[in-house]
Amino acid sequence: MSLIDNTILFVKKQLEDAEGGHDWFHIERVYKNALLIAQGETCDLTVVKLGALLHDVADSKFHNGDETVGPKVARAFLEGENAPEDIIQHVIGIIENISFKGGNFEKKFHSRELDIVQDADRLDAIGAIGIARAFNYGGFKNRALHNPNIPVNLNMSKEEYKKTEAPTINHFYEKLLLLKDRMNTETGKKIATERHHYMENFLSQFYAEWDGEK
């Protein structure tokens, strides 16, 4: 089998018991998004595919915040598959720099392949799927749906963002609604705009129901 086929099997196995918003189906959606975006970009498609498939193979959220686990797991797998070192380093660069991290994180690595995979991952955090994932993770962490007395915090450090226990509705303002303007590619921006509007409409309906107006 090909390297990509083996990677798919590996990731499926790694994420067998993953939380519903960060499971194999999340990876599969990001993979499809990445392939769509890549059609309009000049890029190394192998790196894009591997980056999309391995970007959440060991998400730090589920490893006590340890951001080194994912890159280590990905490197060990790729080395076992005899992947070229330049490809391994590129994929590791994507994994280490793809995350939002509160929006105050400066990427230390840049490539068009990272731009593509990052856009693909961010698209899965917004729109209908993004809403579903946000509340699924909020339930997983036993967070409140909404609490009007807990203000939105747009100035969190990376560490504060990782440790926040704010209600899920706050997450829309602290991350999800910010993503539209942080997309890297034209295709990503176009899709993000539509999904962004869907979230705005959802929030309007949510508040109307919360306040007993509808």
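Student: Helices (H or I, at least four residues) and strands (E, at least two) are DSSP runs, numbered from the N terminus. With that in mind, where is Asn 82?

Tutor: Asn 82 sits in the loop between helix 4 (69–80) and helix 5 (85–97). One caution: this is a predicted model, where local features need pLDDT of at least 70 and side-chain atom pairs count only at pLDDT 80 or more, while totals for chains, interfaces and linings use all residues. Residues are numbered from 1 along each chain as its sequence is written, and side-chain values use heavy atoms, with hydrogens and water left out.

Student: Thanks! What's the phi of Asn 82?

Tutor: Positive, at about 60°, although Asn 82 is not a glycine.

Student: And is Asn 82 buried or exposed?

Tutor: Exposed, because its relative accessible area is 68%; the cut-offs are under 20% for buried, over 50% for exposed, and partly exposed in between (1.4 Å probe, protein chains only).

Student: What about Asn 142, where is that one?

Tutor: In the loop between helix 7 (127–140) and helix 8 (158–163). Asn 142 has a positive phi of about 60° and is not a glycine. It counts as exposed, at 71% relative accessibility.

Student: Switching topic: how many helices and strands are there overall?

Tutor: The protein has 10 helices and zero strands. Its radius of gyration is 17 Å, close to the 17 Å from the globule rule for 214 residues, so it is as compact as a globular protein of that length. That radius is taken over C-alpha atoms, and the rule is 2.2 Å times the number of residues to the power 0.38.

Student: How much of it is buried?

Tutor: 47% of the 214 residues.

Student: Which residues touch the most other members of the largest nonpolar core?

Tutor: Val 11, Leu 54, Leu 78 and Phe 172, in a core of 53 residues. Helix 2 (residues 24–38) gives the most to this core, with seven residues. Such a core is a set of buried Ala, Val, Leu, Ile, Met, Phe, Trp, Tyr and Cys residues joined through side-chain atoms within 4.5 Å.

Student: And which residues is Val 11 in contact with?

Tutor: Leaving out neighbours within four places in sequence, Val 11 contacts Trp 24, Ile 27, Leu 53, Leu 54 and Val 57, where contact means heavy atoms within 4.5 Å.

Student: Last one: what is the nearest side chain of opposite charge to Lys 175?

Tutor: Asp 121, 6.2 Å away. Lys 175 is buried yet has no salt bridge, meaning a side-chain nitrogen of Lys or Arg within 4 Å of a carboxyl oxygen of Asp or Glu. For charge, Lys and Arg count as positive and Asp and Glu as negative, with His and the chain ends not counted. Lys 175 lies in the loop between helix 9 (168–174) and helix 10 (186–210). Not counting residues up to four places away in sequence, Lys 175 touches Phe 100 and Tyr 161.
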